[in-house]
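Visitor: I am new here. Could you walk me through the labels used for this structure?

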Amino acid sequence: MIDMDVPILMDTELEMSAEQPDNKTLKTYSFFQIEAKDYSKDNMDGDSKYEDYEVRLHAMIRQWKALYFEAYEHMKRSQENNLIIDKNILSADQLAYLQNAQSPQVFLRDALDFRSKFYLFKEMKYAEIKDMLDNLGDLCEQRLCLIVANEISDNLANAKKNAK
């Protein structure tokens, strides 16, 4: 069954009064009763401002596109040219270091190998070490409880001897 008791929405906003300077009549405006002719004079300046803004925005977009394509073309040209490093400014030690240095491929391969070994250590060895530390903590706690119990029994034995 359809519920027919639907609340009716009404305009509960207060109406605002504004005096018109040209004919000194009192007009009231509601949020839902705005006429286009009331704002036609004000919107003339707004429309021209909007058109100016739109023209500037399109010009700015064209400039950014031109800059983007220029940077892209520059990047393509720089990739085509093989860059030559001027080694004349390096000292003999620096040149020897560069000649004996690993290639980036070897460095990355070694880094990946190190990373895989690290993950194996982390998953397996670290878990073993953690278990050993937990067991050692339990053993230390048991030893401490035993020492405390022995001290308490010694104190009670000494207290009974002193009481006699």
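This is a predicted model: local features need pLDDT of at least 70, side-chain atom pairs count only at pLDDT 80 or more; totals for chains, interfaces and linings use all residues.

Visitor: How many aromatic pairs does the structure hold?

Guide: There are two aromatic pairs.

Visitor: Why is the pair of Tyr68 and Phe69 called edge-to-face?

Guide: The ring centres of Tyr68 and Phe69 are 5.4 Å apart, and their planes stand at 65°. Pairing needs centres within 6.5 Å, and edge-to-face needs planes over 60 degrees apart. So the pair is edge-to-face. Tyr68 and Phe69 are both exposed.

Visitor: What makes the pair of Phe118 and Tyr119 tilted?

Guide: The centres of Phe118 and Tyr119 lie 5.7 Å apart, with 55° between the planes. Under 30 degrees would be stacked, and over 60 edge-to-face; the rest count as tilted. The angle of 55° therefore makes this pair tilted.

Visitor: Why does Phe118 count as partly exposed?

Guide: Its relative accessibility is 39%. Buried means under 20% and exposed over 50%, with partly exposed in between. So Phe118 is partly exposed. Tyr119, at 40%, is also partly exposed.

Visitor: Which residues make the nonpolar surface patch?

Guide: Phe118 and Tyr119 are among them, as are Phe114, Ile129 and Leu133. The patch spans about 840 Å². Ile129 sits in helix H3.

Visitor: How do you know that Ile129 is partly exposed?

Guide: Ile129 has a relative accessible area of 38%. That falls between 20% and 50%, so Ile129 is partly exposed.

Visitor: Where is Asp138, and why is it called partly exposed?

Guide: Asp138 lies in helix H3, residues 104–163. Its relative accessible area is 44%, so Asp138 is partly exposed. With Glu128, Asp131, Asp134 and Glu141, Asp138 forms a surface patch of negative charge.

Notes. Residues are numbered from 1 along each chain as its sequence is written. Side-chain values use heavy atoms; hydrogens and water are left out. Rings of Phe, Tyr and Trp (its six-membered ring) pair if their centres lie within 6.5 Å; planes under 30 degrees apart count as stacked, over 60 as edge-to-face and the rest as tilted. Buried means under 20% relative accessible area, exposed over 50%, partly exposed in between (1.4 Å probe, protein chains only). Patches are made of residues with over 30% relative accessible area and no salt bridge: like charges are joined within 9 Å, nonpolar side chains (Val, Leu, Ile, Met, Phe, Trp, Tyr) within 5 Å. Accessible areas come from the Shrake-Rupley method with a 1.4 Å probe; for residues, only the protein chains shown count as cover. A salt bridge is a side-chain nitrogen of Lys or Arg within 4 Å of a carboxyl oxygen of Asp or Glu. Lys and Arg count as positive and Asp and Glu as negative; His and the chain ends are not counted. The place of a charge is taken as NZ of Lys, CZ of Arg, CG of Asp or CD of Glu. Helices (H or I, at least four residues) and strands (E, at least two) are DSSP runs, numbered from the N terminus.
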